[in-house]
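Please look at the sequence and the model first.

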Amino acid sequence: DLPEDISSVKSYSDYKEFNNYAKVVQYSLNKGYIKGDNKNKLNLNSTITYKEVEILIRKVTGSDKFKWSNISNKMLYQEGIRSKSYSGYNQRITRGEVVYMLYLLNEWKN
């Protein structure tokens, strides 16, 4: 259920970049999945690191069991693709890796 009141979303200076998704952004703010920076921006179009993805997925699932290393190991041994996360969790995740992670999370859920 998405909130009707999006007043706190409008307080961010980059609001116009995501106004079509304002209710989803408000929901994410309400749940504590995302937060603004010290410049009053949400930066939703910015890339994120493997470390940030791990923290976010743990919040969304409500479980501390999620580890990016499980995803990257599966990518390497089943798909033959080496994640940049092996060079460090502060590397930026790729869109392809996010899609693969969401696919696996959906498979594990079912």
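## Basis of the model

This is a predicted model, in which local features need pLDDT of at least 70, side-chain atom pairs count only at pLDDT 80 or more, and totals for chains, interfaces and linings use all residues. Residues are numbered from 1 along each chain as its sequence is written, and side-chain values use heavy atoms, with hydrogens and water left out.

## Aromatic pairs

There are three aromatic pairs in the structure. Rings of Phe, Tyr and Trp (its six-membered ring) pair if their centres lie within 6.5 Å; planes under 30 degrees apart are stacked, over 60 edge-to-face, and the rest tilted. One of the pairs joins Y27 and Y33: the ring centres are 6.4 Å apart and the planes stand at 65 degrees, so this pair is edge-to-face.

Y50 and W68 form a tilted pair, with 5.2 Å centre to centre and 40 degrees between the planes. This pair links distant parts of the chain, 18 residues apart: Y50 lies in helix α2 (residues 50-61) and W68 in helix α3 (residues 68-79). Helices are DSSP runs (H or I, at least four residues), numbered from the N terminus.

## Burial

Buried means under 20% relative accessible area, exposed over 50%, and partly exposed in between (1.4 Å probe, protein chains only). Y50 has 0% relative accessibility and therefore counts as buried. W68, at 0%, also counts as buried. Y27 is partly exposed because its relative accessibility is 30%.

## Around I6

I6 sits in the segment before α1 (22-31). Its relative accessibility is 16%, so I6 counts as buried.

Leaving aside neighbours within four places in sequence, I6 is in contact (heavy atoms within 4.5 Å) with Y15, A22, K23 and Q26. The C-alpha atoms of I6 and V25 are separated by 8.5 Å, and the two residues are 19 residues apart along the chain.

Terms used. Helices (H or I, at least four residues) and strands (E, at least two) are DSSP runs, numbered from the N terminus.
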